[in-house]
Amino acid sequence: RLASLAHAQHATCGAALRPVRRRRRSRSAASPMLTALSHSILGALLSLSPGLHGQHLRSASQLLRRHGDAKSNLLGDFFDGDRLQAQTPTSQALLPDLIKLEPEAYVLQEKMLSFSGEDFRVKNVAGDTVMQIDGANVNLGGWVIDKLTFRDAAGNKFCSLERRMLAASTCYDLYSADGKVLVAKIEREWLSATPKYKFYYEGDFNPFADFTAEGSFLDRTYTFKAGFGATIARVRRSSEIFNDVDSYLVEVAAGVDTAAILAVAVVIDEDHDEKQG
């Protein structure tokens with residue numbers, strides 16, 4: 001019996017002293033297929049979507065190379081935070097014709113020959129003019145206010161943008177084509193540590209902003225966020241072809257009121273031109 005106990009103890013100690021072999025995790029045979037599929041999906045998205053910056057594309061490609069074992073939520077992990085997210089179109093859109101089913105990119109550019117210095121032209125990626133903005137300075141009893149007229153591709157006026165004379169911070173009102181109905185307003189948040197521009201549709205019984213512009217306004221690079229934080233548009237300043245002629249690339253998500261986004265972009269341009277001037 002003692003010999004049996006000694007033999008059992010020796011076997012136990014030997015087992016304890018033997019190195020434990022770690023089980024090597026085997027890669028799934030489907031991983032190469034998933035990786036190839038992820039690359040294919042990403043390539044298709046990049047070729048179809050004009051709403052992605054080159055820097056985001058490069059970083060996404062680097063991540064793809066770094067993480068060979070792609071998962072099914074690959075695109076969500078990479079782009080959910082900054083990609084343009086489609087919205088349900090609003091019935092209060094300033095120009096319904098510019099609400100698209102797919103993301104669209106536009107160029108917002110100041111006209112070189114302008115008496116007011118506040119005239120803009122908006123073109124799509126095909127080079128077609130889709131909107132025009134005519135600026136003017138109106139003198140009302142010694143008060144000089146900015147007034148901009150928005151026209152569609154055919155030259156028809158669809159709204160006007162007027163600067164509010166008495167306001168604690170930058171504030172513009174948007175009126176209907178006949179100038180009789182207040183349809184929206186744009187305000188700069190002046191109590192915030194980081195300035196934001198907020199857009200409100202009138203009459204929608206929503207006490208909060210319908211969307212907000214935030215970012216580096218000094219560099220003219222900023223994004224638009226919907227009420228719940230979804231990215232709906234992006235603006236970045238492009239290189240100037242001529243001195244003192246601002247040009248912007250504007251990317252807008254599907255279902256978004258493009259004219260409203262452009263109205264805020266024009267207000268931001270005017271606001272910061274005044275501060276720098």
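Me: Does Thr170 count as buried or exposed?
Reply: This is a predicted model, where local features need pLDDT of at least 70, side-chain atom pairs count only at pLDDT 80 or more, and totals for chains, interfaces and linings use all residues. Residues are numbered from 1 along each chain as its sequence is written, and side-chain values use heavy atoms, with hydrogens and water left out. Buried means under 20% relative accessible area, exposed over 50%, and partly exposed in between (1.4 Å probe, protein chains only). Thr170 has 4% relative accessibility, so Thr170 counts as buried.

Me: Which side chain is joined to that of Thr170 by a polar contact of 2.9 Å?
Reply: Thr170 sits in the loop between strand 5 (157–163) and strand 6 (171–176). Helices (H or I, at least four residues) and strands (E, at least two) are DSSP runs, numbered from the N terminus. A polar contact is a pair of N or O atoms within 3.5 Å; within protein, one must be able to donate a hydrogen and the other to accept it, and residues adjacent in sequence count only if both atoms are side-chain atoms. At 2.9 Å, the partner side chain is that of Asp271.

Me: Where does Val267 lie?
Reply: Val267 is buried, at 1% relative accessibility. Leaving aside neighbours within four places in sequence, its contacts (heavy atoms within 4.5 Å) include Thr170 and Tyr197. Val267 lies in helix 5.

Me: Which strand holds Val250?
Reply: Val250 is buried, with a relative accessible area of 1%. Beyond its neighbours within four places in sequence, Val250 is in contact with residues including Tyr106, Leu108 and Leu262. Val250 and Val107 are 143 residues apart in sequence, yet 6.1 Å apart in space, C-alpha to C-alpha. The strand that holds Val250 is strand 12 (residues 247–252).

Me: How many degrees lie between the planes of Phe199 and Phe211?
Reply: Rings of Phe, Tyr and Trp (its six-membered ring) pair if their centres lie within 6.5 Å; planes under 30 degrees apart count as stacked, over 60 as edge-to-face and the rest as tilted. The count comes to 7 aromatic pairs. Phe199 and Phe211 form a stacked pair, 4.7 Å centre to centre, and the angle between the planes is 5 degrees.

Me: How many residues apart in sequence are the parts that this pair ties together?
Reply: Phe199 and Phe211 are both buried. Phe199 lies in strand 8 (residues 196–201) and Phe211 in strand 9 (residues 211–216), so the parts tied together are apart in sequence by 12 residues.

Me: Why is the pair of Phe217 and Tyr222 tilted?
Reply: Phe217 is buried, with a relative accessible area of 4%. Tyr222 is buried too, at 2%. The ring centres of Phe217 and Tyr222 are 5.3 Å apart, and the pair is tilted because the planes are at 45 degrees.

Me: Which ring has the charged end of Lys185 over it?
Reply: A charge sits over a ring if NZ of Lys or CZ of Arg is within 6 Å of the ring centre and within 35 degrees of the ring normal. The charged end of Lys185 is 5.3 Å from the ring centre, and the ring is that of Tyr200.

Me: Is Arg220 buried or exposed?
Reply: Arg220 is in the loop between strand 9 and strand 10 (221–226). Its phi is near 60 degrees, a positive value in a residue other than glycine. With a relative accessible area of 1%, Arg220 is buried.

Me: What is the relative accessible area of Phe205?
Reply: Phe205 is found in the loop between strand 8 and strand 9. Phe205 has a positive phi of about 60 degrees although it is not a glycine. Phe205 is exposed, and its relative accessible area is 82%.
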